[in-house]
Each structure stands twice: as structure tokens, then as C-alpha cells.
Amino acid sequence: MNYSLISLEIAVVILGLGLLLADLWIRPEQKTRLGYLAALGVGLILFWSFKFSGVPSASAFNGMFVLDPLALYFQRFFLLAAIIVLIMSVAFAGRIATGISEYYSLIIFALAGMMFAASANDLALLFVALELITVTFYVLTSFQRARLASLEAGVKYLIIGALSSAFLVYGIALVFGTTGQLNFNRIAAVASEFADNRVFLLGILFILVGLSFKLAAFPAHLWAPDVYQGSPVPTTAFLAVGSKAAGFVLLLRLLFTAVPAITERWNDLLIVVAMVTILYGNLCAIPQRNLKRIFGYSSIANAGYLLMGVAALSGAGRAAVLYYLGGYLFAVLAAFLVILLVMNEVEGEDISALAGLNQRSPLLAAALTCSMVSLAGIPPLAGFFGKFLLIKAALEQGAIDPLYYWLVGVAFLGVIISISYYFGVIRAIYWSKEPPVLSAIPVPLILRLALYVCLAGMFYLGLFPNTVVELANAAVKVLAVR
Amino acid sequence: MLTYLIFLPLLTAVILCFVPRNYAFLMRLASLAATGVTMLLALAVFLRFDSAPLGPSSAYKFEQQLNWIRSLGISYHVGVDGVNVGLVLMGAIVAFAATCCAWEIRNREKEFYILLLIMTGGILCAFASLDLFLFYFAHELALVPTFIMIGVWGRGVDKNLATFQITLYLSIGALVALAGLIALYLRAGAQSFDLVTLTQYAAVHPMAVRDQNFIFPLLLVGFGILISLWPFHTWAPLGYGSAPTPTAMLHAGVLKKFGLYGLIRIALPLLPHAAQAWAGTIAWLCLGNIVYCGFVAMRQRDLNWLIGYSSVAHMGFIFLGIASLNIIGVTGAVLVMIAHGFLAALTFGLAGYLQHTTGTSDMDKMGGLLRRLPFLGGALLLALFAGCGLPGFANFAGEVTVFFGAWKQFPLITVLAVWAALVIGAVYMLRAIRSLLHGPVPERCAQTVEDSWPLRKLPYVLLLVPLLVFGVYPRLLTDKIWPGAETVLASVHPSEQPSPMPAVTPKSTPIHRAEAKP
């Protein structure tokens with residue numbers, strides 16, 4: 001067996017353990033800086049991951065673990081997200097009373113879970129990876145122990161997370177009980193025999209419900225706004241980007257590797273779930289005033305758009321999901337970087353805290369505006385091209401099933417609704433009543449760099465999508481069962 | 001050459017991002033230089049158009065194609081033919097004039113000029129593009145600055161409502177049009193967004209009539225919202241009334257023509273059957289613009305609203321020209337598009353100036369301005385005359401060509417439209433002239449004096465000159481538009497090639513030649 005296949009994951013786990021150990025010997029006032037070390041380590045791993053670029057797909061652990069272009073795409077995605085989240089955590093360290101190095105290492109462990117999820121080709125590894133992510137996030141969400149909201153977020157996440165884990169494990173048990181298989185490829189080989197077995201179908205349905213918790217999609221979406229609002233900002237950012245993407249890579253592998261025939265039969269279900277998720281997220285976001293809560297709802301809405309690409313049941317749709325996630329990463333991380341810096345200066349997370357931001361720091365104002373514009377899906381930023389690909393993929397299928405036209409209609413409706421609340425944020429930045437205090441907001445150099453990276457990413461993906469589109473197309477080829 | 005013309009404003013915008021905001025004068029100078037050079041380039045393209053060789057697609061000139069997103073068949077493809085060469089020229093002149101008029105912006109100049117330059121680049125790119133994706137992309141690039149400019153630098157008490165309304169309304173329009181464009185791409189089956197490829201492919205494999213009838217309404221409604229086709233026009237007057245002057249000039253003058261250009265360039269050649277099926281509906285809807293919005297304009301007491309409604313009303317003529325689906329009508333439509341671009345920019349520029357100097361846009365509170373402001377009053381007089389379609393201005397040439405084109409298909413509608421144009425248009429324009437320019441000078445205008453600086457007058461001169469030149473000698477445009485219109489309509493009337501109307505005199509002598517002279 002080739003252990004070099006999981007060398008990235010091993011490196012991440014060692015990094016996390018190393019951080020925990022280093023905590024023992026480092027003086028307390030130096031501990032904050034440990035985050036930079038962690039970010040550097042993750043950066044090196046990201047750099048190292050490019051060594052695997054041309055390597056053909058291979059599997060390890062009896063087919064449980066695969067390293068293919070799809071896994072690599074997501075692993076790089078998670079590593080990049082983790083670097084920025086770690087940098088954010090350093091800036092956030094002042095707000096965490098004790099145990100900042102545990103906070104860093106928990107982020108690294110969540111990252112390890114996500115990396116395993118990217119490669120999971122087996123229900124057991126799927127469950128383990130998901131639990132690794134979820135359990136670390138239980139702690140990460142409630143890390144500000146003195147803050148009631150943070151604890152509340154932790155409890156809510158725990159309850160709904162445990163419930164969906166129960167669904168997941170029950171589903172896995174049902175599938176294993178009927179087919180006797182856990183591996184996706186072997187399930188695919190026998191799935192036709194069980195196509196009408198209700199217990200098997202119920203098992204798949206339960207697994208999907210469990211996964212929808214990670215995606216923040218209907219029916220397990222209710223936790224998102226509360227948890228996003230209560231958690232520490234870096235946690236929220238990682239939850240919004242990493243955890244969601246992990247859910248999507250697992251969903252893609254499960255639906256298109258293990259049970260492609262059932263997925264095709266259930267496309268109406270996927271469409272309806274996507275429509276409900278889009279509408280719920282966008283409609284509920286309209287009256288919100290808390291910035292992080294807006295992102296909670298927007299995250300639900302975005303899960304809906306992404307599900308559109310899954311529901312399209314085509315290579316174009318799956319590639320669109322990958323591309324959209326890339327644009328989403330930069331937009332959301334840029335927004336949370338800004339929120340983090342503004343919250344350091346102003347108490348409260350109300351949208352009115354942004355008043356006069358364009359005078360306090362033009363860079364932050366511009367970055368948050370670009371992020372909103374990208375999320376709203378307006379050219380020339382990444383979000384536009386992502387939505388363009390998703391909608392194109394769904395329209396393509398319209399000839400087969402007219403329900404896709406409804407899906408596209410709902411997506412357009414969602415985009416229009418979302419413009420109103422995303423522009424509400426921009427309006428708060430540029431032309432709301434200015435507060436009495438207009439002190440400049442200092443932006444440390446490394447955070448400024450992170451912001452520039454996010455901005456560059458949004459513009460690059462929006463203006464020159466070719467490279468990433470081809471990368472995404474290559475990545476989803478491994479799922480091409482049709 | 002077109003690429004320089006498009007990217008000069010965009011690159012200047014990027015450079016300005018890195019100039020400190022204290023150098024407001026430098027910003028203004030750089031913007032003026034960029035748009036000025038762009039205008040000269042556009043003029044050069046226009047003048048050299050006839051002698052220029054055809055590009056690789058053998059239909060367009062000054063062509064350039066670069067791969068952009070290869071896996072989807074999207075490329076950066078620009079080029080001009082007779083239909084858009086005039087529009088590019090018009091857009092570039094209006095952009096320069098709008099930049100000249102931007103002196104009234106006194107806060108956050110940096111952002112304003114950056115947005116103005118992005119808008120200019122986007123507009124020119126949209127009109128020059130030969131790729132559906134680039135076409136939409138560039139339009140959105142120009143559209144979004146409009147929203148921000150209205151929101152930040154807007155005038156009047158209703159600017160927040162106006163921003164909100166115009167943003168939602170135009171976003172809906174743009175999205176519906178986008179759905180139409182994607183559906184067109186998918187149904188055409190050419191696996192390409194390239195207009196040339198699509199047209200060639202459609203000539204061999206025509207799209208199913210059912211698909212056409214499904215896509216055309218999407219494009220019509222989407223573009224119709226962007227153009228303010230009745231009954232989707234309600235955003236226009238409030239939006240223009242609240243927009244800062246340069247934005248109103250650029251949007252009403254140039255950007256709004258995007259939808260019309262899209263209908264002519266994309267919908268007619270690629271969806272010929274649906275175009276024929278829908279022509280009657282468009283013709284009736286355009287009466288809503290011409291007659292209904294004309295009546296509404298008569299009731300306005302606010303100068304900006306009056307111009308806003310009259311600009312909506314003028315869109316009706318262009319629709320009528322498109323709906324006639326013959327070469328004369330379409331040529332006239334393009335001519336009106338160009339003429340109205342100059343006219344709308346001119347009137348909005350002058351109205352902005354008046355509002356700035358007198359502090360009001362209420363026509364009842366102004367009067368006798370011709371005595372106080374001889375040059376600007378004279379320019380406004382000419383502009384309003386052009387607005388009622390007085391011979392000698394390019395508007396007359398265009399409108400009369402549209403009527404000739406539409407007469408055969410829609411005699412009743414044409415009669416109504418002619419009446420509306422002559423009577424309703426004259427009523428509101430002449431009333432505006434009376435209350436603005438003549439009569440006693442009210443207290444607040446008594447101290448108004450004309451700016452002696454010639455640069456302030458330059459934009460108005462620049463906009464008036466083409467109106468008069470193309471009005472007196474429309475062949476400068478029609479000779480270029482005619483072959484372009486012929487290609488556009490080639491698939492609509494495949495059997496009646498080359499000319500759809502046998503009664504028409506040969507193309508070397510357009511029939512409006514004599515009428516156009518005053």
C-alpha cells in the first residue's frame with residue numbers, strides 16, 4: 001500500500017499535534033503568534049500538494065481512500081481556507097480568554113477531517129471524517145466560554161449536529177444491512193439489485209438528511225443562522241466555507257459514485273430541496289440586521305444554488321459546483337476578515353456598525369463591497385460566473401424535465417431578493433448616517449495581504465475563469481458515470 | 001483598434017485606483033484625456049470604416065478575437081459593421097461629453113471618475129462585442145456603476161428609493177435577458193457564444209420554431225425592461241431624475257440602447273420566426289411608449305421628469321422600426337438610436353446644468369433663461385426642437401425613415417405614432433421652451449450668469465454638432481447602416497432577398513434623402 005497517498009493528511013495531523021505540544025513550552029505571551037506558525041505550516045502543505053498534480057488517481061486502504069483530481073481540488077480548497085482562517089484567528093486572539101493554541105490546533109484537526117472527507121470513498125470514512133469535523137466544531141463554536149451567545153451557538157450546533165449524525169449513522173447501518181457493502185464502488189456494483197428495496201432507499205435518504213446538516217440545506221438548515229451569529233468570527237468563516245464544501249464533496253461522491261441510478265430517479269427531490277433552500281435562505285435574510293446572521297441565511301441560500309448544480313445531474317453541473325465554491329471561498333472569507341476587523345473596533349455586530357466604514361478604512365469598505373457584489377452574482381466578480389455556470393447547467397436539463405425551468409426561475413428570484421440585502425450592507429457602508437467616532441481602523445499587514453489574496457481571487461475567477469473551469473471539469477471527470 | 005478604444009478607459013480606471021484621492025484635478029484630467037482619446041479613436045474607426053478591410057468573419061471590420069473561456073466557447077470577440085459603428089461613435093462622444101459635465105461632482109471625485117470610466121469601457125465593449133457572453137458581461141459592467149453613482153452622488157429627496165427601484169428593476173431585466181441568452185446558446189446547439197459562429201450555424205441548422213417562440217419573449221421582456229418598453233418603463237423617469245448628470249447622460253443616451261441593439265443584433269437574425277410572430281405585439285406595445293408616455297410627459301412640471309418621459313417616448317419609434325422587420329425600418333431604428341443618444345445626453349446635460357445654476361428643476365420656478373443664458377438657452381432650444389422631431393436634426397431623419405418602413409406592415413399604428421410624434425411631442429417640448437426660456441425672469445434666476453469658461457460649453461457643442469450633421473446629411477450613417485441591416489434581416493426574409501420591399505428604390509439612393517433636408 002502506498003502511504004504517500006495520505007501524506008497530506010498525515011502532515012496536517014502532525015501539524016495539529018505539534019501545535020498542541022508546542023503549547024507546553026511556549027511562553028503565554030508568545031502563544032498568539034503560534035497561529036502564524038500554523039498558517040505557515042498549512043501553507044507549506046498546500047505548496048507540497050502541487051507535487052501530486054499530475055499523479056493518476058489511486059486508492060488506498062482497500063478502496064476506502066482515493067486520491068484523484070476531485071480530492072486534490074477540494075484538499076487545496078480546504079488548505080487555502082485554513083490558512084486565511086488561521087490568520088483571522090490570530091487577529092481574533094484578543095477575544096479568546098484562554099487556550100488560543102488549542103483553538104489553532106482544533107482548526108487544524110477540523111481541516112484534517114475535511115481533507116479526509118475530500119478523499120472518502122467509503123461510508124465508514126465518510127462518517128469518521130464528518131464526525132471529526134463536527135466534533136471539533138462543537139468546541140470551536142463555543143470557544144468564547146464567557147459569552148452566552150457563543151455557548152448557545154455551541155449547544156444548538158451540538159443538538160442538531162447530534163441529531164443529524166444519528167440520521168447519518170442510521171442510514172449507513174440500513175445501507176450496510178441490505179447490501180453488506182460500505183465502499184462506494186461496491187455499492188454501485190450491487191445498487192441495481194436493491195433499486196426497489198425500500199430499506200436501502202430509506203438508508204440513502206437518511207444519509208442525505210445527515211449530509212444536509214453539513215451543507216446547511218433544507219431540511220437540516222435551521223442551525224445555521226443562530227450558530228453563525230453566536231460563534232467566534234474565525235469559526236463562522238471556517239464553518240461557512242470549509243464545512244459546507246466538505247459536505248458537498250461527500251454528497252457528490254455519494255450521489256454520483258455510489259448510487260447514480262437512484263440519483264437520477266430522485267432528481268425531482270433534489271430540485272425541490274434546492275428550490276426550498278434558495279427561497280428559505282433568501283427570504284429570511286431580508287429583515288436581518290446582524291451581519292453574521294445575514295451570512296447564516298446567505299449560506300443557506302448558497303447551499304441551494306450549489307444544490308442546483310448537483311440536481312442538474314451533468315458534468316457541467318458538477319463542475320459548476322466546484323467553481324462556485326471557489327468563488328464563494330474568496331467572497332465569504334473576505335467578508336469575514338472585514339467583519340472581524342470592524343468588530344475589533346466597534347462593539348456589536350449590527351449592520352449599523354459599518355456606518356462610515358468607507359472613511360475609516362477604504363480598503364475594508366472596498367473589500368466588503370466586492371464580496372457582496374460577488375455573492376450577489378454581479379460581473380465582473382467570481383460569483384457571477386459561478387451562478388452563470390450553475391444556471392446554464394440547470395437550463396441544459398430543461399429539455400428533459402420542465403421542473404428545471406422552475407428551478408431556474410426560483411434561482412433568479414433568489415438572486416433578485418439577495419441583491420436587496422447584499423446592497424443593504426453596501427448601503428450601510430457608503431451612505432448611512434455617519435457615527436460620531438470616525439477613527440481609522442488599523443489593518444495589520446498580514447491581514448491586508450489576506451484581503452488582497454481574497455480580492456485577487458474574486459477578480460481572477462471572475463475575469464479569467466478558464467483555468468479553474470478546466471480544473472473543475474477535469475476534477476469531476478472521476479464522477480462521470482453517465 | 002477597437003480593443004484600444006475599449007480598454008483605454010478601463011485601464012485608466014485601474015490606474016486611478018492607485019492615485020491618492022487628494023489629486024482630484026489629476027483624476028479629472030486623466031478621465032478627460034482617456035475619454036477624449038477614446039472619442040478620437042471612435043471617430044477614426046467611423047471615418048475609416050468604408051475603406052477598412054473585412055475581418056476574418058467576412059462580415060465585420062476591425063475584428064479581433066481572443067480565446068477567453070475555451071471550454072464553453074466564449075471568446076473576447078469584437079468588431080463593427082454598419083449597425084454598430086455609429087453606436088460606438090455615439091457612445092464615445094457622449095462619454096467624453098459626460099466626463100466634461102462631471103465638474104459638478106464635488107465629493108469623492110476619485111470613486112466617481114473610476115466608475116465613470118468603467119461605465120464608459122463597459123458600454124463601448126457591449127456595443128462592439130460579437131460574443132453573447134461578452135455582450136452581457138460588458139453591459140453588467142456598465143450597469144452596476146450606474147446604481148452606485150445614483151446611490152452616492154444622486155440628486156433629490158427620492159434618491160434612495162430611486163436607487164433601490166432602478167437596481168431591482170434593471171437587475172430583473174438583465175437576469176431575464178441572461179436566461180434568454182443562455183437558452184439561446186443551449187438551443188442553438190453550436191456550442192459557442194460567438195455571434196458569427198451562431199449566425200452561420202443557424203443558417204444551416206435553423207432553430208426549432210417552438211424553441212424560438214420560447215426564447216424570444218425572454219429576450220423581449222429582459223431587453224424591454226432595460227430599454228423601458230411600455231409597460232416596463234416606470235423606473236426610468238425617477239431614476240434619471242435622481243441620477244447625477246453624467247450618469248443620466250451616459251445611461252439614457254447610450255447604455256439604454258443596449259437592449260435595442262441586442263434585439264437587432266441577436267434576436268432578429270437568430271430567432272427570425274419568433275421575431276415575425278412577435279412583431280405585431282411589439283408594434284402595439286410601442287404605441288404605449290409613444291402615446292401613453294407622451295401624454296404623461298405633457299403633465300410633468302419637473303424638467304428632469306419631462307425629459308425622462310420624453311426619452312421613454314422616443315424609445316417607441318425605435319421599437320416600431322424594429323417591429324417593421326424591413327430594411328428601411330431597421331435602418332431608421334438604428335438612426336434614431338444614434339440620434340436619440342446625442343439628444344438624450346444633450347438634454348440631460350443641459351437640465352443638469354440648469355438645476356445646478358438655478359437650484360431647482362421645477363419648470364414653474366424658472367423662466368426667461370434665454371436672456372440670462374444666451375448660449376445654453378440656445379442649445380436647450382435646439383435640443384427641445386430636435387426632441388419634437390424638427391427637420392434638420394438627425395431625429396427627424398430617423399423617425400421619418402422608421403415611419404416609411406413601418407407604413408406597409410402597420411398603417412394604423414404608424415398613423416397614430418405620427419400624430420403622437422407631431423402633436424404630443426410638440427406640445428410638451430414647446431411648453432417646456434415657453435416656461436423655461438421665455439417669459440419674465442423670476443427672482444431666483446435673476447443673478448444667473450453664463451459660465452464664461454469655454455470648456456463648460458464644449459460638451460453641448462460636441463453633442464449638437466453630430467445631431468445637425470447627421471440631420472442634414474443622414475447618408476453618412478444610412479449608407480453604413482443599410483448593408484448591416486440587410487445582413488441582420490437576411491434570415492427573417494430569406495425568400496425575398498435582397499430587398500424585402502420591391503417598391504423600395506435601390507439601396508444606393510435611400511428614399512429619405514430628400515425629406516431629411518429641412
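In this predicted model, 19 residues of chain B are in contact with 22 residues of chain A, contact being C-beta atoms, placed from the backbone, within 7 Å. Strand E1 (61-69), helix H5 (132-153) and helix H6 (159-188) of chain B each give two or more residues to this side, and H6(B) has the largest share, 9 residues. Helices (H or I, at least four residues) and strands (E, at least two) are DSSP runs, numbered from the N terminus.

| Class on the side of chain B that touches chain A | Residues |
|---|---|
| nonpolar (Ala, Val, Leu, Ile, Met, Phe, Trp, Tyr, Cys, Pro) | 13 residues |
| polar (the others, Gly among them) | 4 residues |

Residues touched by Leu337(A) include Met88(A) and Cys454(A).

Of the 14 residues of H17(B), 13 are buried (20 or more other C-beta atoms within 10 Å of their own), so this helix is largely enclosed by the rest of the structure.

Chain B averages a pLDDT (the predictor's confidence in each residue, from 0 to 100) of 84. Over residues 496-518 of chain B the pLDDT is below 50. The complex has an ipTM of 0.83 and a pTM of 0.88.

Residues are numbered from 1 along each chain as its sequence is written, and chains are lettered from A and ligands numbered from 1 in the order in which they are written. Local features need pLDDT of at least 70 and side-chain atom pairs count only at pLDDT 80 or more, while totals for chains, interfaces and linings use all residues.

Note on methods
Two residues are in contact if their C-beta atoms, placed from the backbone, lie within 7 Å. A residue is buried if 20 or more other C-beta atoms lie within 10 Å of its own, exposed if 12 or fewer, and partly exposed in between; C-beta atoms are placed from the backbone. Lists of a residue's contacts leave out its neighbours within four places in sequence.
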